[in-house]
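Subject: Structure handover

Hello,

Here is the structure for your work. My notes follow it.

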Amino acid sequence: MTLTNDQFTEAAFIFEKAKGSSHSEFERKIIEESELTKFHPTELEQIIVDGLNSGIYKTETERTSGYWSLSKIGNRKLIAEYKKWLLEELENENGIAVFQILVGLDRLDEPAFNENRNGRGADETELNLRDAKEYLKEK
């Protein structure tokens, strides 16, 4: 099953809801109208992981949406997957995807960003690539 960018957003909201996060009326409506609610969050998580691992998401934007969506789960079992994806995206110098994976790892309490960094932005490509290399070297 291939998800669209809109469905990745729906999945993120579903994951947040499963963790007990509160949502705006807009977000609740998105969840309510989503066809993805037929899946248990763990099934939805596996669909996204399998899709990312199979290579069906050809563009960096699609993969980044998948990484972002998964970052809402809080499942530390995804750390190994994130590391694998980080290496792949780093090798291809996909700065936005690298940044989103670093954010996902950070949300899992992994020290993905350099502790001396003042900011964290998707537009700080060189710093993000450096941090990714350092993180992978230490792991």
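Is Glu 93 buried or exposed? Glu 93 has a relative accessible area of 61%, over the 50% cut-off, so Glu 93 is exposed. The residue sits in the loop between α5 and α6. The phi of Glu 93 is near 50°, a positive value in a residue other than glycine. For background, most residues other than glycine have a negative phi.

Please keep in mind that this is a predicted model. The pLDDT of the protein chain averages 95, and 99% of the residues score at least 70. By element, confidence is lowest in helix α2 (residues 25–33), where the mean is 89, and highest in helix α3 (residues 41–54), where it is 98.

Helix packing

Two contacts of helix α4 (residues 60–70) are described here, one with α1 and one with α6.

The axes of helix α1 (residues 5–18) and α4 come within 8 Å and cross at roughly 10°. An angle under 35 degrees counts as roughly parallel, so α1 is roughly parallel to α4. On the α1 side, the contact is made by Asn 5, Phe 8, Thr 9, Ala 11, Ala 12 and Phe 15. On the α4 side, the residues are Thr 61, Glu 62, Ser 65, Gly 66, Trp 68, Ser 69 and Leu 70. By class, this contact of α1 with α4 has six nonpolar residues, six polar and one charged.

The axes of α4 and helix α6 (residues 95–107) are 9 Å apart, and the packing angle is about 5°. These two helices are therefore roughly parallel to each other as well. From α4 the contact takes Glu 60, Thr 64, Tyr 67 and Trp 68. From α6 it takes Gly 95, Ile 96, Ala 97, Gln 100, Ile 101 and Arg 107. The residues of the contact of α4 with α6 divide into five nonpolar, three polar and two charged. Trp 68 of α4 is listed in the contact with α1 and also in the contact with α6.

Aromatic pairs

The count of aromatic pairs comes to four. One of them joins Tyr 82 and Trp 85, with 5.6 Å centre to centre and 85° between the planes. Planes over 60 degrees apart count as edge-to-face, so this pair is edge-to-face. Both residues lie in helix α5 (residues 79–91), three residues apart, which is about one turn of the helix. Tyr 82 and Trp 85 are both buried. Ring pairs also bring in Tyr 67, linking Tyr 67, Tyr 82 and Trp 85 into a cluster. Tyr 67 is one of the α4 residues in the contact with α6.

Helix α5 also holds Leu 87. At 43% relative accessibility, Leu 87 counts as partly exposed.

Loop residues

Asp 109 has a phi near 65°, again a positive value in a residue other than glycine. Where is Asp 109 found? Asp 109 is in the loop between α6 and α7 (125–138). Its relative accessibility is 67%, so Asp 109 counts as exposed.

Asn 116 is found in the loop between α6 and α7. With a relative accessible area of 64%, Asn 116 is exposed. Asn 116 and Met 1 are 115 residues apart in sequence and 41 Å apart in space, C-alpha to C-alpha.

Ile 56 is placed in the loop between α3 and α4. At 33% relative accessibility, Ile 56 counts as partly exposed. Which residues does Ile 56 touch, not counting residues up to four places away in sequence? On that basis Ile 56 touches Met 1, Thr 2 and Gly 51. The C-alpha atoms of Ile 56 and Lys 77, 21 residues apart along the chain, lie 22 Å from each other.

Ser 21 belongs to the loop between α1 and α2. Its relative accessibility is 34%, so Ser 21 counts as partly exposed. Between the C-alpha atoms of Ser 21 and Gln 7, 14 residues apart along the chain, the separation is 19 Å.

Regards

Definitions and conventions:
Residues numbered from 1 in each chain as written. Predicted model: local features only at pLDDT ≥ 70, side-chain atom pairs only at ≥ 80, totals over all residues. Heavy atoms only, no water. Axes fitted to C-alpha atoms, helices over the stretch in contact; angles between N-to-C directions. Helix = DSSP H or I, 4+ residues; strand = E, 2+ residues; numbered from the N terminus. Parallel < 35°, antiparallel > 145°, perpendicular 65-115°, else oblique. Contact = heavy atoms within 4.5 Å. Nonpolar A, V, L, I, M, F, W, Y, C, P; charged D, E, K, R; others polar. Phe/Tyr/Trp six-rings, centres within 6.5 Å; stacked < 30°, edge-to-face > 60°. Buried < 20%, exposed > 50% of the residue type's maximum accessible area, 1.4 Å probe, protein only. pLDDT = per-residue confidence, 0-100.
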